[in-house]
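Dear colleague,

I am handing over the structure we spoke about, and below it I set out what was found among its side chains. Please keep it open while you read.

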Amino acid sequence: MAGIGVRLNKIYSKNTIATSLFGFGYSTVITIAPMFLVIATAMGMQWMLGFSEAGYDVRELYSCTILYIFVFSLLTSSPFNAVLSKYLSDVIYRDSYEDILPCFYVGLFINILFSTAVGIPFCIREYFVGGIDPVFILAGYCGYTTMVLVFYSMLYLAICKDYKKISLFFLIGMVFAILVSLLLVKVLKVEIALGMLISMDAGFLLIATLELALVRGYFRENSGRYKEVLLYFKKYWALIVTNFLYTLGLYIHNFVFWTTEGRTVVADCFVCMSSYDLATCLAMFTNLSSTVIFISRVEMNFHEKYRNYSEAVIGGRGIDIRNSKTKMFEQLAEELMNLVRIQFIVSVVIFLFAMIFLPRLGYGGLVMQIYPCLAAGYFILFTMYAAIIFLYYYNDMTGALITASIFCVVTFFGTIFATHLSQIWYGIGLTIGALSGWIFAYMRLRYIEKNLDTMVFCNGSIMERGHGHKPSNLVYYRKVGRGRR
């Protein structure tokens with residue numbers, strides 16, 4: 001992500017309020033704009049097409065379908081993309097760009113095969129149990145598949161630092177979706193919910209097509225080393241589990257509440273709890289700026305200190321290694337503290353606006369009772385994720401895996417306990433889970449700081465490891481005379 005850092009350094013170097021605001025806006029556009037574009041498009045379609053006039057069951061079916069498309073496409077694609085990202089980083093470090101296309105094809109095949117296989121049983125249940133229109137089922141399944149493609153291709157454009165193109169493609173795709181929805185509903189008289197779902201499918205498909213075409217345009221040579229990509233899944237299996245557990249932890253508290261008495265069941269297939277899900281969405285948006293802050297700070301400050309330490313290890317003096325190590329960990333601690341300070345101020349401001357204005361817009365009652373505790377939980381959660389990223393910097397797969405495991409497991413059992421509490425404490429499971437993961441990740445980073453020299457200089461081996469018979473203990477032979485040694 002060095003491309004972001006270079007641009008932000010130029011923006012922030014002027015040290016004015018205007019440039020600081022512009023830098024924050026620039027970071028927002030290139031990181032989280034696609035999410036807001038999709039949300040704005042969905043809301044715009046509903047307003048233009050008169051979606052509120054549709055029946056309650058139709059509106060709930062459409063809302064649950066869109067919810068499931070996003071949640072489960074992210075869940076099924078997240079495990080593999082972590083390993084593929086690691087492979088791409090190593091390929092770029094070696095300057096062997098001809099190995100990117102094999103990674104692209106292998107990852108595409110695995111993602112599509114796994115995701116589609118997971119979605120088929122649910123579609124069968126929709127038809128036989130829910131009695132849903134097959135055309136609507138097919139539209140939902142296509143939306144799920146195209147969303148997997150979108151998430152997958154975004155990985156390669158992110159590696160290429162082409163965040164502007166990602167936002168541009170989402171803008172084009174969502175404008176196209178709105179135009180298609182107007183054509184289907186207003187001209188061809190397609191039922192509103194089905195027309196909106198097909199339109200979103202068309203927009204996602206256009207985005208995925210543009211992204212895939214751009215990736216193929218960037219990388220034209222193919223080394224044919226497909227087996228090497230597959231070996232990475234075996235070698236870095238911890239990355240698969242870590243990313244899956246972290247992503248699962250983001251939604252597992254929702255899944256728990258989907259089993260309570262307050263849930264809504266749609267067509268005997270879809271399950272949700274609208275008040276808790278909406279409070280979760282608001283809490284996530286309250287703290288989403290932490291992603292922007294973290295990317296900006298790491299790109300501008302920590303990455304340089306980490307690079308200086310790496311260069312000192314390769315060819316520097318002992319004093320250079322020690323000095324660069326000290327500066328690197330001082331910068332790491334400063335980044336974590338700055339992230340907490342800045343995000344706290346931003347979250348408090350957004351929280352106050354939400355508590356004052358959202359009830360006037362109709363978002364009150366149970367939603368606003370659940371929201372505060374979840375907002376605190378997501379504040380800690382995004383800070384924990386920053387610590388996981390730092391663990392990746394030091395190749396501490398074990399620490400990252402344990403952190404994600406603690407977060408997911410504690411959140412699960414904490415949420416089960418929270419279902420028996422009053423409504424204001426419904427989000428305490430996520431809060432405790434994120435706090436537990438954060439504490440372990442912080443302790444792990446302190447452990448790395450104390451033992452980094454051992455990890456860097458003492459984990460290698462002089463002789464290459466292999467399988468077979470043990471070599472002879474004889475290391476030297478000198479012939480002195482006949483029959484003598």
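A salt bridge here is a side-chain nitrogen of Lys or Arg within 4 Å of a carboxyl oxygen of Asp or Glu, and by this rule the count comes to five salt bridges. Please bear in mind that this is a predicted model.

One of the salt bridges joins R225 and D99, with 2.5 Å from N to O, and it links distant parts of the chain, since R225 sits in the loop between α7 and α8 while D99 sits in the loop between α3 and α4, 126 residues apart. D99 is buried at a relative accessible area of 2%, whereas R225, at 38%, counts as partly exposed. Both residues also belong to a network of salt bridges that includes E98.

D396 and R444 form another salt bridge, their closest N and O atoms being 2.7 Å apart; because D396 lies in the loop between α13 and α14 and R444 in helix α15, the pair ties together parts that are 48 residues apart in sequence. By contrast, E449 and R446, whose closest N and O atoms are 3.5 Å apart, both lie in helix α15, three residues apart, which is about one turn of the helix.

Turning to the aromatic rings, the count comes to 28 aromatic pairs. Among them, F257 and Y276 are stacked, with 4.2 Å centre to centre and 25° between the planes, and this pair links helix α9 to helix α10. F257 is buried at 1% relative accessibility, and Y276 is buried at 0%.

Best wishes

How values were computed:
Residues numbered from 1 in each chain as written. Predicted model: local features only at pLDDT ≥ 70, side-chain atom pairs only at ≥ 80, totals over all residues. Heavy atoms only, no water. Phe/Tyr/Trp six-rings, centres within 6.5 Å; stacked < 30°, edge-to-face > 60°. Helix = DSSP H or I, 4+ residues; strand = E, 2+ residues; numbered from the N terminus. Buried < 20%, exposed > 50% of the residue type's maximum accessible area, 1.4 Å probe, protein only.
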